[in-house]
Amino acid sequence: MASKTHLTIACAFLLAASLSVAAEDGPFDAEQTYKATCFACHGTGAAHSPEVGDQIEWEIRMGKGMDTLVQNTIAGLNGIMPPRGLCEACSDEQLRAIVDFMVQSSL
Ligand code: HEC
């Protein structure tokens, strides 16, 4: 009985420790999320996606306005850009932050 209690306490401690590590990462990290989800296409040009770093490509896209780019990210585009860029957990605001990061990294 006693050892089981200790195990429970140890688990609770580990959980608390890992949660506090996550909290230390601070607010939403657009770059990290970009690397984890969007990079598979936008870092490689896969499926003819606009590659991050391709200045002309992103200048033309920015011509539509940031709001349109964010809307197309949320809804998906032409059946090849998946809705939310496959980041189901991302909020609209977070997706906007990632698009902003992608544009800033390209221009
Ligand atoms: C499966 C590949 C794939 C993934 C993953 C992906 N994209 Fe895309 N994305 C595309 C393709 C392809 C296009 C070009 C669509 C077109 O112009 O027809 C595109 C276009 C875009 C555009 C330009 C929209 C416009 O109006 O011109 C933005 C912004 C964008 N993606 C953001 C993101 C973000 C942010 C993520 C990650 C959260 C993401 N994408 C993940 C394939 C992908």
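Val 103 has its place in helix H5, where helices (H or I, at least four residues) and strands (E, at least two) are DSSP runs, numbered from the N terminus. The model described here is predicted, so local features need pLDDT of at least 70 and side-chain atom pairs count only at pLDDT 80 or more, while totals for chains, interfaces and linings use all residues. Residue numbers start from 1 along each chain as its sequence is written.

With 16 C-beta neighbours inside 10 Å, Val 103 counts as partly exposed; a residue is buried if 20 or more other C-beta atoms lie within 10 Å of its own, exposed if 12 or fewer, and partly exposed in between, with C-beta atoms placed from the backbone. Leaving aside neighbours within four places in sequence, Val 103 is in contact with Trp 58 and Met 62. Two residues are in contact if their C-beta atoms, placed from the backbone, lie within 7 Å.

The protein chain as a whole has five helices and zero strands, and its elements run α-α-α-α-α from the N terminus on. Of its 107 residues, 17% are buried. Among contacts between residues at least 6 apart in sequence, 59% join residues at least 24 apart. The average pLDDT is 85, and 76% of the residues score at least 70; pLDDT is the predictor's confidence in each residue, from 0 to 100. Over residues 13-24, pLDDT stays under 50, and the model has zero contacts beyond four places in sequence for this stretch. Where pLDDT is low, the predicted coordinates should not be read in detail.

Helix H5 also meets helix H2. The axes of H2 and H5 come within 10 Å and cross at roughly 70°, which makes H2 roughly perpendicular to H5. Axes are lines fitted to C-alpha atoms, for helices over the stretch in contact, and angles run from 0 to 180 degrees between N-to-C directions; angles under 35 degrees count as roughly parallel, over 145 as roughly antiparallel, 65 to 115 as roughly perpendicular and the rest as oblique. On the H2 side the contact includes Tyr 34 and Cys 38, and on the H5 side Ile 98 and Phe 101 are among the residues met. The contact divides into seven nonpolar, three polar and two charged residues. Here Ala, Val, Leu, Ile, Met, Phe, Trp, Tyr, Cys and Pro count as nonpolar, Asp, Glu, Lys and Arg as charged, and the others, Gly among them, as polar. Asp 100, in helix H5, is partly exposed, with 14 other C-beta atoms within 10 Å. Its C-alpha atom is separated by 8.7 Å from that of Ala 30, 70 residues apart along the chain.

The ligand is surrounded by 27 residues, the closest being Cys 38, Cys 41, Ser 49, Met 81 and Gly 85; a residue counts as near if its C-beta atom, placed from the backbone, lies within 6 Å. Helices H2 (30-42), H4 (66-75) and H5 (92-106) each supply at least two residues of this shell, and the largest share, five residues, comes from H2. The shell holds 16 nonpolar, nine polar and two charged residues.
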